[in-house]
Amino acid sequence: MDGVETILGADPEAMVSQLLELGRDLCLRLFEGMAGLRAFDDRAVILQRQGRIGTYPTFYGEEAVQTASVVALEERDWLFPTYRQTAVVTLRGCPPLVPLLMWRGHPGGWHDVMRYRVAPVCVPVATNLPHAVGAAWGARLRSADWVALGYAGDGATSAGDFHEACNLAAVTGSPVIFLVNNNQWAISTPLRRQTRVQRLAEKAAAYGMPGLRVDAFDVFACHRVLRRAAELARSGGGPTLVEAVGYRLGPHGTADEPALYRSPAADRLWAPMEPLGRAQLGLVSAGLADAGELAEIRGRASARLLAAAEELERSPRVTLEEIADTVHLSTPWDLSPDHLREPSWAAAGE
Ligand SMILES: Cc1ncc(C[n+]2csc(CCOP(=O)(O)OP(=O)(O)O)c2C)c(N)n1
Ligand SMILES: [Mg+2]
């Protein structure tokens with residue numbers, strides 16, 4: 001792909017030498033992170049299908065981008081997730097039960113924001129980006145040594161909040177990374193109907209900041225590029241827009257059926273780019289790991305998620321009172337438990 005940084009997509013000799021340069025410890029850490037996220041995603045989809053959690057936006061295929069975003073940054077750096085990165089907090093040490101509870105609509109699903117330095121999830125598209133800039137600008141004003149990273153999708157780059165965030169970050173020189181995961185789809189809207197700029201990194205020029213492109217299915221390249229952006233931000237160089245170029249390998253979420261609006265043939269073409277299999281191939285070819293130990297890493301991650309699912313099963317069900325109490329200061333009449341238990345349509349005998 002044009003101008004897209006890759007390690008796993010390089011010729012074999014270049015790939016092996018670049019992986020050796022990264023070293024076994026870092027490579028395995030990245031693989032382990034991806035295994036943890038994949039296990040979360042697989043389990044969450046099962047739980048949703050069983051009716052144990054509500055609607056769920058799967059991130060199958062996005063594990064490389066998400067893992068690299070955590071590993072390339074320091075623990076003191078702040079992350080600003082959307083609905084698709086609800087499990088990145090587990091890579092900062094939060095038990096997977098917590099985001100699973102969130103998807104059940106349970107107040108226990110609020111992770112400790114200050115402890116993990118992961119902001120609350122923003123569902124309205126692009127609204128997390130001004131938050132990330134505000135935090136980063138604050139860091140700059142206080143001469144604090146941390147950077148912020150805000151996640152976005154290709155669709156989010158059309159939202160007003162995206163433009164305002166990019167502009168403010170650039171003019172204030174804020175230490176922030178805009179990580180745009182270009183999976184080429186915003187629910188059923190393809191990239192070509194989203195924008196006339198097909199290389200989203202080019203949008204960075206309009207704000208006066210660097211724009212980098214990287215292979216979204218290559219955890220090693222993502223790590224290298226994000227590390228570069230973080231170093232620039234930390235050393236006073238201001239914001240960077242990183243476009244991770246990929247494809248949404250799964251549906252938008254558990255309530256979506258992509259076959260209704262996109263070609264299954266295109267899906268089949270992209271399927272081999274699945275980032276864990278690709279990383280495994282690279283690591284084994286470079287002699288940095290053998291298939292057995294990578295399978296063990298994945299097995300441990302699955303077992304951890306199975307245990308989390310069992311814990312979820314034992315967790316008390318959320319009550320109507322808890323739902324209303326944690327959203328509103330005082331409960332509106334139409335959310336009062338009495339009203340919800342005895343809806344007017346039932347009383348009217350409809
Ligand atoms: C302000 C706003 N408008 C509409 C929606 C409904 N919505 C949820 S996800 C989504 C598509 C976002 O696509 P993209 O930014 O490419 O991210 P992706 O879902 O592909 O990760 C839309 C329109 C929303 N959540 N917020
Ligand atoms: Mg998208």
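**The ligand shell and its setting**

Modeller: By class, the residues around ligand 1 divide into 7 nonpolar, 4 polar and 3 charged. The model is a predicted one. The shell comprises 14 residues, of which Val 125, Gly 153, Gly 155, Ala 156 and Ala 186 come nearest to ligand 1.

Turning to the chain as a whole, the domain assignment gives domain 1 as residues 12–318 and domain 2 as residues 320–350. Taken over C-alpha atoms, the centres of domain 1 and domain 2 lie 36 Å apart.

The largest nonpolar core contains 90 residues, and Ile 177 and Val 242 have the most contacts inside it. Helix 2, spanning residues 24–49, supplies the largest share of this core, with 10 residues. Setting aside residues up to four places away in sequence, Ile 177 touches Val 147, Leu 149, Leu 226, Ala 229, Ala 230, Ala 233, Pro 239, Thr 240 and Val 242.

Leu 276 counts as buried because it has 21 C-beta neighbours inside 10 Å, the threshold being 20 or more. Apart from neighbours within four places in sequence, Leu 276 is in contact with Met 34, Ala 35, Arg 38 and Glu 63. Leu 276 and Glu 63 are 213 residues apart along the chain, yet 7.9 Å separates their C-alpha atoms.

Terms used: Residues are numbered from 1 along each chain as its sequence is written. Chains are lettered from A and ligands numbered from 1 in the order in which they are written. This is a predicted model: local features need pLDDT of at least 70, side-chain atom pairs count only at pLDDT 80 or more; totals for chains, interfaces and linings use all residues. A nonpolar core is a set of buried Ala, Val, Leu, Ile, Met, Phe, Trp, Tyr and Cys residues joined through C-beta atoms within 7 Å. A residue is buried if 20 or more other C-beta atoms lie within 10 Å of its own, exposed if 12 or fewer, and partly exposed in between; C-beta atoms are placed from the backbone. Helices (H or I, at least four residues) and strands (E, at least two) are DSSP runs, numbered from the N terminus. Two residues are in contact if their C-beta atoms, placed from the backbone, lie within 7 Å. A residue is near a molecule or strand if its C-beta atom, placed from the backbone, lies within 6 Å of it. Ala, Val, Leu, Ile, Met, Phe, Trp, Tyr, Cys and Pro count as nonpolar, Asp, Glu, Lys and Arg as charged, and the others, Gly among them, as polar. Domain bounds come from an automatic or database domain assignment.
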